[in-house]
Structures are given as structure tokens and as C-alpha cells.
Amino acid sequence: MSITVYVPRDSAALAVGADEVAAALQEQAAKRGAKISLVRNGSRGLLWLEPMVEVVVNGKRLAYGPVAPEDVAGLLDAGLLEGKTHRLALGDIAEHPYLKNQERLTFARVGITDPLSLEDYQAHEGFAGLRAALKLAPADIVQQVLDSGLRGRGGAGFPAGIKWKTVLGAQAAQKYIVVNADEGDSGTFADRMVMEGDPYMLIEGMAIAGIAVGATRGYVYIRSEYPDAVEVMEAAVERATAAGFLGDNILGSGKAFRIIVRKAAGSYVCGEETALLESLEGKRGIVRAKPPLPALAGLFGQPTVINNVLTLAAVPFILARGPKAYADFGMGRSRGTLPFQLAGNIRHGGLVEKAFGVTARELIETFGGGTESGRPARAVQIGGPLGAYLPDSLLDLPMDYEALAAKGAVLGHGGLVVFDDTVDMAEQARYAMEFCAIESCGKCTPCRIGSTRGAEVIQRLQAKPAEAPVQAKLLRDLCDTMLNGSLCAMGGMTPYPVLSALDHFPEDFHLAAPAHQAA
Amino acid sequence: MTAMTTREAQAVDAALDRFRDEQGALLPVLHAVQDNLGYIPKGATPALASAFNISRAEVHGVITYYHHFRQTEPAQHKLAICQAEACQARGCRSLTATAEAAVGCRLGEHTDDNRWELEPVYCLGLCASGPSVELDGKLYARITPERLEALIRKKELS
């Protein structure tokens, strides 16, 4: 009998040599006459331990990591295939505190299954949500999503059920489901891990959405920086279609739903939903003015549900286990769980799915183990390039849409980027403006011009400390214009990192006292 | 308008043919052309405009709007270095300086002999294991300046 060995195929594992480790395992096992059956799973999300090799012994999955190709021979000699101990041994991975203390609803299968195996997927509750949905009336599916309290995971936090209800009520010959997989925020990789590690979950969520609102066609818009995700999604769509989970007659129900995978082309602003729709239509990714809402006039002018990957990935669980099982997690108006992503200068970076309400400190210190450099953490940027920089004093805030908004911060897509005390916050603020200048679609003036002027103002401030108070005032004025005058979140939220840096770290701007007291 | 070579024209025709029945398929067509040739020929604009029944200005606008698309031949080796926040927190600024010195051109430029080009990229989705780079299509994470220099030297010898 052959021994089952897992080596992840997630790109975070591939980028640190997982393919080389897999090849070494095959070669060295063959040399020793050992029969192994190698499975390329998704990543468990303990990214500092990648490449992580798992071996099945007595029904348990014993892990070793981080494994370098040159470690493989020694590991096999030490008895890896019997689960024997070694300096890289991590024991039963399911018992690892990093995993054990999570609440994995969306990421329940990621890292456990073979991403492209339909058998594996179904053996782990896969398509149970779709089967349940096929027995319900469309309005009842929408009601379940409403009852779950699921909110858009892209950042805005708009209730998914309300969006779906609007599209269900719209009359049109053709409606669409569009997945926003343009995960451009630095510090986020949960969408990528879903697509590479459990693509059928996203397909199932899309199909349920299609049946719920009467859409027969879906698009997945994936950023071009994620070639592995594009490849896995395309293969998964093909296999799911061949097996009858997609197509003109889903599981014999008479319902139709087809999916097309589209590759983006490197524009950050295409993560904004209307710019994304323009791009799907073959145009420049320029933001549209709202109204009309995409729910009424979206892709090709037709009613469209456009949701983030994590929003749709949460749907199969809700349909399979019921809305209450999902809504039982969370706090306030933020129901369910969020796959947080710990990134930047952090020792134990990776994916941590927790119910809303966990604090940033718990994520960074308990799970993350502090900074990678060992120096004190100074700032944490939450929610991507458009999210605020928070100082240590604000890290006890619960991760909840409303609680963060009250402090001028956003949860965004759940990414936390940690910086140690070597960071120059004026430089980070300048970068925020520069990034906006590079990526602005150019449609509205506050964003197009404001970002360039903003970077210049900060540069002047950096060069001439004596002028700092004057330049800071100018900067605040400019941020006010961008905040209130921009068409979308690109220009409208670039002031978040800038102002939070200025408010919480004035010393980096050559300002003695917190400038907001003077303003 | 620059005329296309036979090879270029064939690549454009093949891409148009492949996505003939797909609505709004300008981006997939451009991807197919660039995947095939390494760039989108300037002379392709009229053919694309006529196939999609849009103006040449609109085609030009789309090609030049997206960072991914290019109209010039790529260098022999392309090194993209992540410049986004998570990699900044893990030392991408000094890594970039190392790369510039090692290949002999600035970020966003290519060497005179077109052997190397350095490209900024804003997030490769490897934010817990930065700094990360993409070298000739392969991802590398947890890259130190020393490892990057070694990777560059290896490519130089190949």
C-alpha cells in the first residue's frame, strides 16, 4: 500500500520551493523503494512553515515544515513516512494551535483536500449547499443569505442578500453573476488561497447565486498577477461543467449556469466594481458614476450581482448548514467569520479565519507572534493601501466594520500589514499618494490631480522640516477634497493612510504635537 | 501606421478567431496576442478596431491603460519586484536597490542591450512571505538581496 504524502500547490508554497520539494520526495522515495502517493493540496495558511509536507499515519496528518529540497533525504532517513520525529516535525497538524484556535467556516477544506478533486470536495460537504438551494424557491435562497447577515467581503460591507434581492426583482432576459477576484490590496491573499485551494467552493457559491437571482452566466475576473489562480479556476470550471455541476442542466434540475474565467491586466482600480464591469466589457477600467447600481444596470447594462470571492465562498456553508449556523458567529452587525490575513513584518504570517470581534492585537500577537525582525511593532495597516495605519494604542479595537469606522479606519478585505519601528510614516504616507497617482483611472479630478499634488506636498515636507506645519495644513486640506470629492474609493480613501499616519505619528512629519489638535 | 509582420498578423488573427463568439472579448484577445508574441504589435490596432467595431483610439486607449499590456518586445529576462506595503515592511526597498545594481538599470527600465528589465509590481499575493519577486514568470518569496543576486547571476550564465 502506498503512503499518502501532501505537498501544497498554493503559490505561497511554490514561491518557496514546493515543486522542488515534491520532486525530491518522489525521487528519494523511489530510491528507497517506498511507494508514496503524492497529493498537491492547498495551503493550510501557516505560511511561515511552507513548504509544509504532511504524511498520513494512522488516519492523522503529521506535518513537517518548512522543508527545503535538501532536507528531504534526511527526513526520509529519519522516518518521515512513518511519522517519526525530526527537527522539522510539527506533529498532528489539526492540533496546531494556529489552526485549532481558528473558526474555519469558509476555509474548512483549504489545505485538506486536493483542490481539483471533485470526489474530495464532495467527501467534505462540497455541493451540499447547491443541492439544498436546488430544492428552494429563488426568494427563499435570497432570504437565507439575508438571514445569515452576510456582508460584502470586498471592503464596503454591503449586505449581500439585499444586493441579491434587487437583482432577483429586476426584469431582464439575461442577468449575470460577477466575481471580483481582482485582489489588489497589499497584505491580502485570501481570495487567491480560495481559488487555488478550494475552487469548487467559489463555483458552488456562484451557481447558488445564479439560481437565486435567475442569472445563467457568471464571470470570474482574476488579476493577472495570479496566474496560478487563473489556471486552477479554469481547470475547475471545466471539470465541474463536465460533471454536471455547471452547464445547461445543473444536476438534472433544468437550471442553467455557466462560468467564464477572465484575466485582468494589472489595473488596481479594476477592483472597484464598476471599473471591473467596464474592463469585462473590453474597455478601459474607468469608474462609472452610480446610480444606476450594477444590480439594475451592470455588466453589458444588465442586472448583475457583483460580489467578492470571499462573499460567494461563504454562501455554500450558509445554504448547507442554515443561515443561523453562520450568523451565530460575529458581533454587532458584522455576522459570521472573516478570513484575516497576517502579513508584512510578522513572525507567523498567514491566514487566520476568526469570527468578527477578535482584536488586532490578538491576531498580531497571539497568532502572529510579533514581528519577524524581533523589533517592536510600530504601525499596522489594516485593509490594504486605502486602509488606515494604526498605532499600538488602537490595536485592542475589535475587528468589526462599525468599530473600525468609528476610529477613521476600515476593515477592507481583512489584511493586516505589520511594520516594525524602522518604518518612516511620512514615507508611507507619500507612498499612499504615489500609489494613487499611479493607479488612478483619471476620471475625477480630486483623485487624478490630488494624488500627484499630495505626493509633492509630502516630499516638500520631508525636504524642509521648517515648513512642516504649513505643508501639513495643505495636506489636510487636500485630503479633505479627495475624501469628499472623489468618485470612488480610490481617491476617496487614499486619505485614510495619509491622515492616520499624520494623526498617529506626527513626529515622522517633523511635527511636535498631534496636528489635528491645532486644526 | 506600422505594418505587421506575417507572424504578428497570424497571432492577431488567431486570437480574434479564438474569441469570436465571446462578448466584450478585447482583453482576452490582447492577452492571447501578448502571450503568443510577448507584446502587442502597434500595427494590430486597426485590425482589432475593425473586428470589435470600435475606434482605433479606443483600442489604443485599452492597450495603454492596463499596466500588463506592452507594445514593445520584452527584454530577455524580466524581473518584477513587489513594491507594495507588505513587502516594504520586509525590505523590498533595499532589495530593489540590489537588483538595480546587479542588472544595471533602474526600476521601470530595461538595460541598453535589452537583456534585463526591472518592473515594479504591486502585490503578488505572497504578503506573509515577502519580499517577493517574479523572475521570468516564476515566483520567489522570502528573497534576500544575496539570494536575488545569485538568481540573477544564474540567469546571466544561462
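Modeller: Let us begin with secondary structure. In this predicted model, chain B contains seven helices and four strands. The order of these elements along the sequence of chain B is α-α-α-α-β-α-α-β-β-β-α.

Biologist: What does the C-alpha trace of chain B span along its principal axes?

Modeller: The trace of chain B spans about 50 × 30 × 25 Å. As for burial, 41% of the 158 residues of chain B count as buried. Among contacts in chain B between residues at least 6 apart in sequence, 56% join residues at least 24 apart.

Biologist: Which class does A:Ala409 fall into, buried or exposed?

Modeller: A:Ala409 counts as buried, because it has 23 C-beta neighbours inside 10 Å. A:Ala409 is found in the loop between α16 (401-405) and β16 (415-420) of chain A. Leaving aside neighbours within four places in sequence, its contacts are A:Ile382, A:Gly387, A:Ala388, A:Leu390, A:Leu404 and A:Ser500. A:Glu434 is 25 residues from A:Ala409 in sequence and 20 Å from it in space, C-alpha to C-alpha.

Biologist: How many residues does the largest nonpolar core hold, and which of them touch the most other members?

Modeller: The largest nonpolar core holds 221 residues, and A:Ile203, A:Ile222 and A:Leu416 touch the most other members. Helix α10 (residues 199-213) of chain A gives the largest share of this core, 11 residues. Not counting residues up to four places away in sequence, A:Leu416 touches residues including A:Gly187, A:Phe340, A:Leu363, A:Val380 and A:Ile382.

Biologist: Why is helix α21 of chain A described as largely enclosed by the rest of the structure?

Modeller: Helix α21 (residues 495-504) of chain A is largely enclosed because nine of its 10 residues are buried. Among them are A:Pro495, A:Tyr496, A:Leu499, A:Ser500 and A:His504.

Biologist: At what angle do helix α17 of chain A and α21(A) pack?

Modeller: Helix α17 (residues 425-439) of chain A and α21(A) pack at about 165°, with their axes 8 Å apart. Angles over 145 degrees count as roughly antiparallel, and α17(A) and α21(A) are therefore roughly antiparallel to each other. The crossing of α17(A) past α21(A) is left-handed. On the side of α17(A), the contact is made by A:Met425, A:Gln428, A:Ala429, A:Ala432 and A:Met433, and on the side of α21(A) by A:Pro497, A:Val498, A:Ala501 and A:Leu502. By class, this contact has eight nonpolar residues, one polar and no charged.

Biologist: How do the axes of α17(A) and helix α18 of chain A cross?

Modeller: The axes of α17(A) and helix α18 (residues 445-463) of chain A cross at roughly 155° and come within 8 Å. That angle makes α17(A) roughly antiparallel to α18(A). The contact includes A:Ala426, A:Arg430 and A:Glu434 of α17(A), together with A:Cys447, A:Ser451 and A:Ile458 of α18(A). Its residues divide into nine nonpolar, five polar and two charged.

Biologist: Let us finish with the interface. How many residues of chain B are in contact with chain A?

Modeller: As general background, the size of an interface is often given as the accessible area lost when the parts come together. Here one may count residues instead: 34 residues of chain B are in contact with 46 residues of chain A. On the side of chain B, the elements that give two or more residues are α2 (26-37), α4 (56-65), α5 (85-88) and β4 (138-140). The largest share, four residues, comes from α2(B). By class, this side of chain B has 22 nonpolar, nine polar and three charged residues.

Technical notes
Residues are numbered from 1 along each chain as its sequence is written. Chains are lettered from A and ligands numbered from 1 in the order in which they are written. This is a predicted model: local features need pLDDT of at least 70, side-chain atom pairs count only at pLDDT 80 or more; totals for chains, interfaces and linings use all residues. A nonpolar core is a set of buried Ala, Val, Leu, Ile, Met, Phe, Trp, Tyr and Cys residues joined through C-beta atoms within 7 Å. A residue is buried if 20 or more other C-beta atoms lie within 10 Å of its own, exposed if 12 or fewer, and partly exposed in between; C-beta atoms are placed from the backbone. Two residues are in contact if their C-beta atoms, placed from the backbone, lie within 7 Å. Ala, Val, Leu, Ile, Met, Phe, Trp, Tyr, Cys and Pro count as nonpolar, Asp, Glu, Lys and Arg as charged, and the others, Gly among them, as polar. Axes are lines fitted to C-alpha atoms, for helices over the stretch in contact, and angles run from 0 to 180 degrees between N-to-C directions. Angles under 35 degrees count as roughly parallel, over 145 as roughly antiparallel, 65 to 115 as roughly perpendicular and the rest as oblique. A crossing is left-handed if the near helix is turned anticlockwise from the far one by less than a right angle, and right-handed if clockwise.
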